[in-house]
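Please open the structure in your viewer and keep the selection panel at hand. The stops below proceed from a pocket to the ligand.

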Amino acid sequence: MKNITDKNLVFIGFMGAGKTTVGQLVAKKLNREFIDIDEGIEKEFHLSVSQIFKEYGEAAFREREKRLIAELSKQKNLVLSPGGGAFLQEEVRNACLSSCLVIYLDISFANWKDRVSLLMDTRPILQNKTFKEMEELYNSRQAMYANHHIKINIDDKAPEEIANLIIEKLPLK
Ligand code: S3P
């Protein structure tokens, strides 16, 4: 293995782009610890993300999300997978962009639409939205995802291929 950066890798991208699947694969290949931020928040609340949104509201979820990412972004050699809305917060963007390597998993809306049925039940942000509204949300998120260090288009690619492409693109120390 080449002498790659020891910075944390942070995966960003729209819900269902594969941040967790690909992040886990990359972590395994690099022998790094993988941390799913949503899972960490769920553990703190002892509730699912949907339940947190319902019982405490999105603002409480975002606050924990911000705190957890701020803490972890100071470490090294981790692979972090925050939820697709984490980069909405400027402090999250700044913390990740300044001390980690941010990898954007770019999925087209056409491709994403095929995955939506798998996401509906567990993503409170999508509930009660029409396709048009989901597309508007997708479009409105693009500007914040433009803040990254590495971008991979993932349409029609298998997780293994995406993980290998990412590893090839990692900078040296
Ligand atoms: C969200 C994305 C979800 C989760 C929460 C909110 C968002 O994570 O954090 O439901 O606002 O885009 P995934 O991107 O892993 O689905």
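Begin with the largest pocket, whose volume in this predicted model is about 690 Å³. Select its lining, which comprises 36 residues. To find the middle of the pocket, highlight Thr20, Asp36, Asp38, Gly83 and Arg123, the lining residues that lie nearest its centre.

Next, colour the secondary structure elements that give two or more residues to this lining: helix H1 (19-30), strand S2 (33-36), helix H2 (37-45), helix H3 (49-56), helix H4 (58-72) and helix H7 (116-119). Which of the elements gives the most to the lining? Select H2, which provides 5 residues.

Now colour the lining by residue class. The lining divides into 12 nonpolar, 13 polar and 11 charged residues.

Display the ligand, which sits in the largest pocket. Then select the shell of 13 residues around the ligand; Lys19, Arg62, Gly84, Arg123 and Arg141 come nearest. By class, this shell contains 5 nonpolar, 3 polar and 5 charged residues. Arg123 deserves a label, being listed both among the residues nearest the pocket centre and among those that come nearest the ligand.

At Lys19, a polar side-chain atom lies 2.7 Å from a ligand oxygen. At Asp38, an N or O atom of the side chain is 2.9 Å from an oxygen atom of the ligand. At Gly85, the backbone supplies the N or O atom, at 3.1 Å from a ligand oxygen.

Finally, show the surface of the ligand. Taken alone, the ligand exposes 390 Å², and the protein buries 96% of that area.

Technical notes:
Residues numbered from 1 in each chain as written. Predicted model: local features only at pLDDT ≥ 70, side-chain atom pairs only at ≥ 80, totals over all residues. Heavy atoms only, no water. Near = heavy atom within 4 Å. Polar contact = N/O pair within 3.5 Å; in protein donor to acceptor, adjacent residues only side chain to side chain. Areas by Shrake-Rupley, 256 points an atom, 1.4 Å probe, with all protein chains shown as cover. 1 Å grid on protein atoms, 1.4 Å probe; cavity = no way out; pocket = protein on both sides within 12 Å on 5 of 7 lines; lining within 4 Å. Sits in = over half its atoms within 2 Å of the grid points. Nonpolar A, V, L, I, M, F, W, Y, C, P; charged D, E, K, R; others polar. Points joined across faces, edges and corners; volume = space filled by probe spheres on them. Helix = DSSP H or I, 4+ residues; strand = E, 2+ residues; numbered from the N terminus.
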